[in-house]
Amino acid sequence: MQREELQAWLRLTLSPGVGNQSARRLLAALGSAEAVFEVTPSRLNELVTPAQARALSQPPAGLQALLEHTWRWLQTPAEGLCHQVLTLGDPAYPADLLQLADPPLMLYALSGQPLPRSDGPLQAVAVVGSRNPSAQGLENAQAFAHSLVGQGFCVVSGLALGIDGAAHEGALSAATGSADAALWPTLAVVGTGLDRVYPRQHRDLAHRVALQGVMLSEYPLGTPPLAANFPKRNRLIAALSRGTLVVEAALASGSLVTARLAAEQGKEVFAIPGSIHSPQSKGCHALIRQGAKLVETVHDILEELPAASSHPVQLGLPMAPSSEEADSDAEADSADEVLVALGQEPCTLDTLQARCGWPTPALQARLLTLELNGQLSRLPGGRFQRIGMA
């Protein structure tokens, strides 16, 4: 992209009162962003309102500073990363977003290599959920993302704390050394400019997502984390995905906004059920009552979205130690490994063993120690309940 073209696109997006619909009408009629600012005033008044024509007739405040910042960002990418600006009509502009009623005029992208031509829908599943999840929710997000990448899907999420971050981590762990992984293991759609990371705790995660996958934003560089931007970016998460999986969500969660947008776009919606006593499960239960598919394993998703990989890898929960490892390391392992596997809900010995992979004698010995330490209680039906922290 030439500097003059970039200036025209930035001016179009910054002009007050000129929204995406009006801008697309101008582009369709005049052919390019540069032509919008070269057309005669009479022709401009035929296409937009008088107020919009006046706004387009003079450069908006901050245009030159943003142009300089964006141009430098494009010309001096960070080591190992590509900086791109994609506009409507760019061959690499995601085809899925063109189906939206208001596709972004401009997209900013960070990735390890230039985005290729977009020849069709992205083989992706959105994995979203609470910013304050349970330990079980974090485990589920990582495990589902890991398995989805193994099946050839890209995992799309929003880089937020909690479920989003766990989903990106699970996707990245599956992509390491996997020849069957998707083109990108994960894609993060953020609500700030790409020269900022929000939340700050995810600075390292954001860098790894950019190196192995893609960071995407519709917001100009320098845009801070404004509350209104995050619900808006959720439409992009839904649009880029064939389906949306909600792992945990309260009734007032932004994840339900993503799920609603996915349903409105004709996409599949999936939800993982949880405890009836947990506020973080109520959003998922509401989605299931409204018709979302109840999900217990990745197989439930694949029934609706066949695997994208021609050579899918074995499904299953990642990161479980082998029996031999558990035998040799049981005494050295910290008690919280079992507590993390237990999560926040009661479960049986068989369920706990399936999660952590320990042999029965070692697991029973650890459970007894936790019980004696006041960190575990035995419930009727052979179940165990976590009551303390390691």
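## Close-up views of strands and cysteines

View 1. Ala109 stands opposite Leu216 in β6. In this predicted model, β2 and strand β6 (residues 214-217) are joined by four bridges and run antiparallel.

**View 2. Strand β2 meets β1.** Here we turn to another pairing of β2. Strand β1 (residues 82-87) and β2 run antiparallel, with six bridges joining them. For a landmark, look for Val85, whose bridge partner in β2 is Tyr108.

**View 3. The side chains of β2.** Are the residues of strand β2 buried or exposed? Six of the six, spanning residues 106-111, are buried, so the strand is largely enclosed by the rest of the structure. Met106, Tyr108 and Leu110 point one way from β2, while Leu107, Ala109 and Ser111 point the other way, and all are buried.

**View 4. An open sheet built from β10, β12 and β11.** Three strands make up this open sheet, in the order β10-β12-β11, with antiparallel pairing. β10 (347-348) and β11 (376-379) stand at the edges with a single partner strand each, so one side of each is left without a neighbour in the sheet. Two bridges link β10 to strand β12 (residues 383-386) in the antiparallel sense; in β12, Arg383 is the bridge partner of Thr348.

View 5. How many disulfides does a search of the whole structure find? The search finds zero. Cys154 is buried, at a relative accessible area of 1%. Cys284 also counts as buried, with 0% relative accessibility.

Key. Residues are numbered from 1 along each chain as its sequence is written. This is a predicted model: local features need pLDDT of at least 70, side-chain atom pairs count only at pLDDT 80 or more; totals for chains, interfaces and linings use all residues. Side-chain values use heavy atoms; hydrogens and water are left out. Buried means under 20% relative accessible area, exposed over 50%, partly exposed in between (1.4 Å probe, protein chains only). Two strands pair if DSSP finds at least two bridges between them. A disulfide is a pair of cysteine sulfur atoms within 2.5 Å.
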